[in-house]
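Open the model in your viewer and keep the sequence panel beside it. This tour goes from one selection to the next.

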Amino acid sequence: MEMPEYIKPGLMGAAVGAVAIAIVGFSWGGWVTGSTANQIANERSEDAVLAALTPICVLNSSRDPNMEQVISEMKAARAYQRSDFIVKAGWATMPGASEPNLPLSRACVREFQDRF
């Protein structure tokens with residue numbers, strides 16, 4: 001079966017239009033692939049969990065009799081070393097956990113930044 005001549009330009013226009021819409025949608029329209037959406041959702045959920053757990057880290061620090069010493073040592077340390085002090089003090093270890101939460105220790109350091 002042979003296609004009429006007047007259909008070819010319409011099909012070409014539809015194909016070019018579909019490509020143009022896809023380019024505009026992904027570039028400026030805010031469209032994302034499923035894997036990118038999952039990555040964004042995971043990052044946001046991790047941020048929400050850290051925001052919920054940071055007060056526990058601060059509470060753990062307030063119960064520590066050596067809090068002022070740890071804070072002063074953190075103040076003297078380089079920025080990339082500060083979370084190690086929170087881990088060593090045990091403030092980033094949640095109740096019932098055996099290991100400290102490293103992202104939480106970094107969030108806790110950000111919480112203590114006003115003390116520096």
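**Stop one: a buried threonine**

Select T54: at 8% relative accessibility, this residue counts as buried, because the cut-off for buried is under 20%. Keep in mind that this is a predicted model. T54 sits in helix α2. Now show its surroundings. Leaving aside neighbours within four places in sequence, T54 is in contact with L104, A107, C108 and E111.

**Stop two: the disulfide**

Next, select C57 and C108. A disulfide joins C57 to C108, with S to S at 2.2 Å. The count of disulfides comes to one. The pair links distant parts of the chain: C57 lies in helix α2 and C108 in helix α5, 51 residues apart. Look along the S-S bond of C57 and C108: the torsion is about -100°, so the disulfide is left-handed. C57 counts as buried at 0% relative accessibility. C108 is buried too, with a relative accessible area of 0%.

**Stop three: the core**

Stay on C57 and widen the view. Which residues have the most contacts inside the largest nonpolar core? They are C57, M74, I86, W91, L104 and F112, in a core of 15 residues. Colour α2 (34-62), α3 (67-76) and α5 (102-111): each supplies at least two residues of this core. Helix α3 gives the most, with four residues.

**Stop four: out to the surface**

Finally, select Y6, in the segment before α1 (7-27). At 68% relative accessibility, Y6 counts as exposed. Together with Y6 they form a nonpolar surface patch, with about 430 Å² of accessible area.

How values were computed
Residues numbered from 1 in each chain as written. Predicted model: local features only at pLDDT ≥ 70, side-chain atom pairs only at ≥ 80, totals over all residues. Heavy atoms only, no water. Patch = residues over 30% accessible without salt bridge, like charges linked within 9 Å, V, L, I, M, F, W, Y side chains within 5 Å. Areas by Shrake-Rupley, 256 points an atom, 1.4 Å probe, with all protein chains shown as cover. Salt bridge = Lys/Arg side-chain N within 4 Å of Asp/Glu carboxyl O. Buried < 20%, exposed > 50% of the residue type's maximum accessible area, 1.4 Å probe, protein only. Core = buried A, V, L, I, M, F, W, Y, C linked by side-chain atoms within 4.5 Å. Contact = heavy atoms within 4.5 Å. Disulfide = S-S within 2.5 Å.
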